[in-house]
Amino acid sequence: MQSHAPPSGPATSTRPAATPESTRERWAAGAKEYGVFLFRCFRLSFVGNRTYHLWMLGLTVVALLGLNAYCKQFVSGLVTTGMTDQVSWGMYIANFTFLVGMAAAAVMLVIPVYIYKSKELHDLVIFGELLAVSSIIMCLMFVTVDLGRPDRFHHLFLRFNWPISMLTWDVLVLNGYLLLNVHICGYLIFCAYQGRKPSRLFYIPFVFLAIFWAVSIHTVTAFLYSGLVARPFWNSAVVAPRFLASAFAAGPAFLILTVQVIRRATAYQVPKQALQTLRNVVTVALTIHLFLLGSELFTEFYTDSAHAASAKYLFFGLEGFYGLVPWIWTSIAMNLTAITLLYLPGRENVTRLNVACVLMILGIWIEKGMGLIVPGFVPTPLGEIVEYTPTLNETLVCLGIWAGGLLIYTILVRVTVPVLTGELRSDRNGIPEPK
Amino acid sequence: MKQTRRSFLRRSAAAATGLAAVAAALSPLRELEEGQMPDLEGFLQKHYKEMSEEEMVRALERIEARVEKDYGVRAQVSDVRAQDGVEFVYALNLSRCIGCRRCVHACVAENNQSRAPEIQYIRVLEMPRGTLDLEKGNHHYDHPTVPDDDHYYLPVQCHQCANPPCTKVCPVEATWTEPDGITVIDYDWCIGCRYCEAACPYWARRFNFTKPEIPKEEVNPRMSYLSNRPRPSGVMEKCTFCLHKTRNGELPACLEVCPVGARKFGNVLDPESEVRKILEKKRVFVLKEEANTLPRFFYYFDERYAAGGGPEPGGAPNHSLPADDVPKGSAPAGSGEHGEHGEGG
Ligand code: SF4
Ligand code: SF4
């Protein structure tokens, strides 16, 4: 089996030096080539085996159901959700928060590749960054569906309360991160497609920028919550570090699963070593995450001040309201099981690793929504307890966005793999288009 | 040849199915009411602070037309501005308040809040004596008569903070504090992110989760841009100290209706005003002082109770009034006798 040609592999460009092109012509040719590339990718996204088609069809159906639910919400307003004046943020913001975390997964891989020069992760970075791109797109969709007046979105451009409002920071860093990642992976993939060596100047600085940027998207999102004096549950300095730790666990865990799907479904061979590196990342991150969670619980419950009301509600229930208790303990059980599985001897066991990853992703997802966002609102600043249950319509919107995001991610991975394996190549250098 | 034709047909069929599915998904949009989406002029309307005089006039006309269309009422919508040398302050006498919730309902009637689902700006907490811990308060007390002897009553509404956390977080500057100290919202600018609602330590903000419903005969036709005009769906609203009244020298609706005179309101910059006297002479306090919001809403107990932190059971006001679940109009006028409780000033 022919192994793939990494983008940084030997330059295969054989452009004859005898035909000096003017800059304009070169640009025109480049644009045309890029157009052809996009068109081929578009066509390719419809090509696949039966499983692929079923998967895509399923995702499309769910995405359309979500769109339908969102249209209903658009017409009637946010009454279609379970949110109230008491619990004024719900599933939308919870999913948003979780996905900001996923989006940073890419960096965790970038660091070993570019700082420790770990070769086997090189292509994984591309998959990680594609994941970042899809996650950020989902984030933006989740914020948009949460708005009461999406038709006034342009007000953001007219009166932007920067730098005072943390939300404006979030808008900036999220969109910036999206652009950075689109640039990096777009450039690397296109170079691979052209069969030439990427110029370091065009991506290495951006890669390093992206590392800092990824930390910033978390930190800013955490500050969104921790900066509110009205919400003692969020008003804690450990929120930002906890965000980072949990994200660095959930993101790479998702990649571990993706990589195996790619290995099964395509000719692309992810090196075994890569999985082990990812596994180490996940293990360390999850450990730190659980440690921070423990410190927070200690502070909340040992001091036993009146401020612990939200935490009490979350873990043990308050005044007869127990809505979140089963969720949070499920989440903790999942995370503890995951960490145990990771620390057990026998590192080669892939099934066990997968189980740990699934548990960890679910556990962290629950913890972001039911464990962080919702309890911040219970009890209210005036001490009232109102519970939150998402409605069917709201759930459909969430599922729709997830399906849309997975659709995007699948297509991105689908077209990237043949580029990396060399099946899809520019014909400009005389390589014929593959059948 | 045949091969390509068949595959062409297959692809067209797939594309048609796809389009039909998308159309079906979008179909709820057909129920959008006319006028629910802004027209071009509404879409281009500027932020309150940026509108010229003519633009404001046109905006007010648009609102009047909208109100007429939606509620069948000819309203007078004005844009009352803050006056120089005025800073409004509220003071609430907790020794007097009997928890009858009349202020809650007067506020709803005055400010054209949605009746279904009902939006209320004022929340009255029934507090056990001897504590200010809001978590111990009962929001949904429901006795045949009030006050209940073992409790005192703590009404909470927007505190019009001098250091408001709510305006800080708004991404589009749709909410701000006016020169006379009132925090307002431009309902035509708010994008409905509800960040300010999460940021308010007094739970003073309310969101329009759907289009407000107000029966035609209950609409208050005297409206202003920044206060009580009916709000669109999907935006935030809150108490504005009835600025359409108070900026014209009147008193807020909640004060006017209070049967025991527990509520005092005025310009703190005026040395002769009652609120100024209260602030100088009474032992006033604010809620959640540690949040450093610097409220313009003060609470106090009458002097004779001040040492004990609250009225003793025996010393509680000896009148009782029906609670708000009693039909309107059946309230005995029992407030006259309270005039003699002087302010001690
Ligand atoms: S009480 Fe709440 S809404 Fe009112 S000014 Fe203060 S923070 Fe803002
Ligand atoms: S809900 Fe409206 S007023 Fe409140 S922060 Fe968002 S845009 Fe500003």
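How do the residues of the shell around ligand 2 divide into nonpolar, polar and charged? There are 8 nonpolar, 2 polar and 1 charged, where Ala, Val, Leu, Ile, Met, Phe, Trp, Tyr, Cys and Pro count as nonpolar, Asp, Glu, Lys and Arg as charged, and the others, Gly among them, as polar. The shell takes in residues with a heavy atom within 4 Å of the ligand, and includes Cys170(B), Cys190(B), Cys193(B), Cys196(B) and Met236(B).

Before going on, some ground rules: this is a predicted model, where local features need pLDDT of at least 70 and side-chain atom pairs count only at pLDDT 80 or more, while totals for chains, interfaces and linings use all residues. Residues are numbered from 1 along each chain as its sequence is written, chains are lettered from A and ligands numbered from 1 in the order in which they are written, and side-chain values use heavy atoms, with hydrogens and water left out.

Now for ligand 1. Its shell holds 13 residues, the closest being Cys158(B), His159(B), Cys161(B), Cys166(B) and Cys200(B). By class, that shell has 8 nonpolar, 3 polar and 2 charged residues.

Next, look at where the two chains meet. Chain A puts 51 residues in contact with 59 of chain B, contact being heavy atoms within 4.5 Å. About 4800 Å² is buried between them, with carbon and sulfur atoms giving 60%; buried area is the accessible area (1.4 Å probe) that two parts lose on being put together, summed over both. In chain A, Asp85(A), Arg159(A) and Leu382(A) lose the most area to chain B, together 19% of what that side buries.

The rule finds 5 salt bridges across this interface, each a side-chain nitrogen of Lys or Arg within 4 Å of a carboxyl oxygen of Asp or Glu. Glu384(A) and Arg123(B) meet in a salt bridge at 2.8 Å, N to O.

Over in chain A, helix α10 covers residues 272-303; helices here are DSSP runs (H or I, at least four residues), and strands are runs of E, at least two, both numbered from the N terminus. At 1.5 Å times one less than its number of residues, its 32 residues should span 46 Å, and the end C-alpha atoms are 47 Å apart, so the two agree. Just after α10(A), Asp304(A) takes a positive phi of about 55°.

A cis peptide bond joins Ala116(B) and Pro117(B), with omega about -5°, and Pro117(B) sits in the loop between α4 (102-110) and β3 (123-128).
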